[in-house]
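I opened the notebook for a look at some side chains and helix pairs. Here is what I looked up, entry by entry.

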Amino acid sequence: ECMPEAARDAAGIILAELAKLGSFTDEEFQRAKNSLKQSITMNLESKAVVVEDTGRQLLMSSRVATGKQFRAMVDAVEPKDLTQVVVKMLEKPATLVSYGPVQKVPDYAAVAQACNQVKEQLARQL
């Protein structure tokens, strides 16, 4: 069910979650990496997923990486890499899309200012 009155809260929740990418424990980080590697390994057991993934890789990068190579890429990720990605993402102007009653949608300037605050907060941690 659509809840237009929750639009302002949703924007705040999304930004709060992005801000958390600057504060996680080593245990949480390692658990996330292990979960991703497990997911990659499990997906490689499905021929349909392998074929789809091979096509996507060829289209996007003109090469195909193996499961072992993907796991090595995940292992190479450092905590600061996550924060850097969010900072880079927030350097672009925010996009605000609404559908239906827009009276409860936060003002674009407020969303853009909140994005900038999160970006600055995370950039200080780098």
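Entry 1: I began with phenylalanine 29, which counts as buried because its relative accessibility is 9% (buried is under 20% relative accessible area, exposed over 50%, partly exposed in between, with a 1.4 Å probe and protein chains only). Before going on, I noted that this is a predicted model, where local features need pLDDT of at least 70, side-chain atom pairs count only at pLDDT 80 or more, and totals for chains, interfaces and linings use all residues. I also noted that residues are numbered from 1 along each chain as its sequence is written, and that side-chain values use heavy atoms, with hydrogens and water left out.

I then looked for aromatic pairs and found 1 in the structure (ring centres of Phe, Tyr or the six-membered ring of Trp within 6.5 Å; planes under 30 degrees apart are stacked, over 60 edge-to-face, the rest tilted). Phenylalanine 24 and phenylalanine 29 form this pair, stacked at 5.6 Å centre to centre with 15° between the planes. Phenylalanine 24 is partly exposed, at 24% relative accessible area.

**Entry 2: lysine 37.** I found lysine 37 in helix α2, residues 26–43 (helices are DSSP runs of H or I, at least four residues, and strands of E, at least two, numbered from the N terminus). Is lysine 37 buried or exposed? It counts as buried, since its relative accessibility is 17%. Its side chain makes a polar contact of 2.6 Å with that of aspartate 75 (N or O atoms within 3.5 Å, one able to donate a hydrogen and the other to accept it; residues adjacent in sequence count only if both atoms are side-chain atoms). Beyond neighbours within four places in sequence, lysine 37 touches Arg71, Val74 and Asp75 (contact means heavy atoms within 4.5 Å).

**Entry 3: α2 with α4.** I took the helix pair next: α2 and α4 (residues 67–76) pack at about 170°, axes 10 Å apart (axes are lines fitted to C-alpha atoms over the stretch in contact; angles run from 0 to 180 degrees between N-to-C directions). That makes α2 roughly antiparallel to α4 (over 145 degrees; under 35 is roughly parallel, 65 to 115 roughly perpendicular, the rest oblique). Lys33, Leu36, Lys37, Ile40 and Thr41 of α2 meet Phe70, Arg71, Val74 and Asp75 of α4.

**Entry 4: α1 with α6.** Last, I checked α1 (residues 7–19) and α6 (residues 108–125), which pack at about 10° with axes 10 Å apart. The two helices, α1 and α6, are therefore roughly parallel.
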